Amino acid sequence: MLTDIINWIITTVGSLGYPGIFLLMLIESSFIPFPSEVIMIPAGYLASKGEMNMIVVILCGITGSLFGALLNYYLAAKLGRPLLVRYGKYVMFHEHNLQKMEDFFARHGHISTFTGRLIPMIRQYISIPAGLARMNLAVFCFYTSLGAGLWVIILALLGYFIGENELLIKEYLRDIVITLIISCVVGIALYWNLQRHSNQK
C-alpha cells in the first residue's frame with residue numbers, strides 16, 4: 001500500500017513537470033498546509049533517473065517558494081492583522097498561529113525570514129509578520145530565497161540519492177530538521193551578538 005502511494009506521488013510529480021513543481025511549492029509556501037517533502041523528494045528522485053534536470057528542479061522549487069511567500073507578504077501588507085484574524089480560520093490559520101509568528105519575528109528580526117523557512121510549521125507563515133511589518137522587499141526576497149533554497153536543495157538531494165528508500169528518508173529528514181533547528185538557534189545567537197556589539201559602537 002505504502003509503495004503504491006509513493007509510486008503515485010512520483011508519477012504525479014513527473015506528469016506535472018517543472019510548472020507543477022513551481023505551482024505546488026507556491027501552494028506549500030502560502031496559506032495552504034502542504035508538505036514540501038512530497039514534491040521535492042520525488043522530483044529529486046526523477047532527476048536521479050534522468051527524467052528531470054536537477055538544476056531546473058531546484059530553481060522551480062525556490063521560485064515557487066518565493067512566489068508563495070510573496071503572496072503571504074502582500075496579503076498581510078494589504079489586508080492587515082484584523083482581516084487576517086477574521087478570515088484566516090477558513091484556511092486553517094488562526095489568531096494563535098499569527099501571534100506565534102509575530103512573536104518569532106519580533107524576537108529574531110529580519111533574519112527570521114531566513115531561519116523560519118527551515119523550521120516546520122513556521123515555514124509557511126513567517127512571511128505574514130514580515131508583510132505586516134512592511135519589511136524591505138529586497139531584503140525579504142533575499143532571506144526568503146536563501147532559506148527556501150537551502151531547504152529545497154536538501155530535499156532534492158535526499159530524493160536524488162535515496163529517493164526509493166522511504167525509511168532512510170524519514171531517518172535523515174528527522175536528523176536534518178533537528179540539525180537545522182540547532183543551527184538556527186546558534187545563528188540567531190551570533191546575529192544578536194554582532195548586532196549588540198555594532199549598536200554599542
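This is a predicted model: local features need pLDDT of at least 70, side-chain atom pairs count only at pLDDT 80 or more; totals for chains, interfaces and linings use all residues.
Local features are reported at pLDDT of at least 70 and side-chain atom pairs only at pLDDT 80 or more, while totals for chains, interfaces and linings use all residues. Residues are numbered from 1 along each chain as its sequence is written, and side-chain values use heavy atoms, with hydrogens and water left out.

The secondary structure of the protein chain comprises 8 helices and 0 strands, where helices (H or I, at least four residues) and strands (E, at least two) are DSSP runs numbered from the N terminus. Along the sequence the pattern is accordingly α-α-α-α-α-α-α-α. Of the 201 residues, 45% count as buried; buried denotes under 20% relative accessible area, exposed over 50%, and partly exposed the range in between, with a 1.4 Å probe and protein chains only. The chain exposes about 10,700 Å², of which carbon and sulfur atoms supply 68%; accessible areas come from the Shrake-Rupley method with a 1.4 Å probe, and for residues only the protein chains shown count as cover. Among contacts (heavy atoms within 4.5 Å) between residues at least 6 apart in sequence, 74% join residues at least 24 apart.

In soluble globular proteins, nonpolar side chains tend to be buried together. A nonpolar core is here a set of buried Ala, Val, Leu, Ile, Met, Phe, Trp, Tyr and Cys residues joined through side-chain atoms within 4.5 Å. The largest such core has 21 residues, and Ile21 and Met40 have the most contacts inside it. Helices H1 (2–29), H2 (37–48), H3 (54–87) and H7 each supply at least two of its residues, with H2 giving the most, at 6 residues. Apart from this core lies another of 9 residues, among them Leu66, Leu70, Tyr73 and Phe105.

Helix H2 has 12 residues and reaches 16 Å from its first C-alpha to its last, close to the 16 Å expected; the expected span is 1.5 Å times one less than the number of residues. Of the 12 residues of H2, 9 are buried, including Ile39, Met40, Ile41 and Tyr45. Just after H2, Gly50 takes a positive phi of about 85°.

Beyond its neighbours within four places in sequence, Met40 is in contact with Ile21, Met25, Val57, Gly61, Val152, Leu155 and Ala156. Met40 and Val152 are 112 residues apart along the chain, yet their C-alpha atoms are separated by 6.7 Å. Val152 belongs to helix H7 and is buried, because its relative accessible area is 1%. With the same exclusion of neighbours within four places, Val152 also contacts Met25, Ile58, Gly61, Ile62 and Ser65.

Helix H7 (residues 137–162) also contains Leu157, which counts as partly exposed because its relative accessible area is 37%. Leu157 forms a nonpolar surface patch with Ile153, Tyr160 and Phe161, with about 380 Å² of accessible area together. Patches are made of residues with over 30% relative accessible area and no salt bridge, like charges being joined within 9 Å and nonpolar side chains (Val, Leu, Ile, Met, Phe, Trp, Tyr) within 5 Å; a salt bridge is a side-chain nitrogen of Lys or Arg within 4 Å of a carboxyl oxygen of Asp or Glu.

Arg134 lies in the loop between helix H6 (127–132) and H7. Arg134 has a positive phi of about 55° although it is not a glycine, and it counts as exposed because its relative accessibility is 57%.
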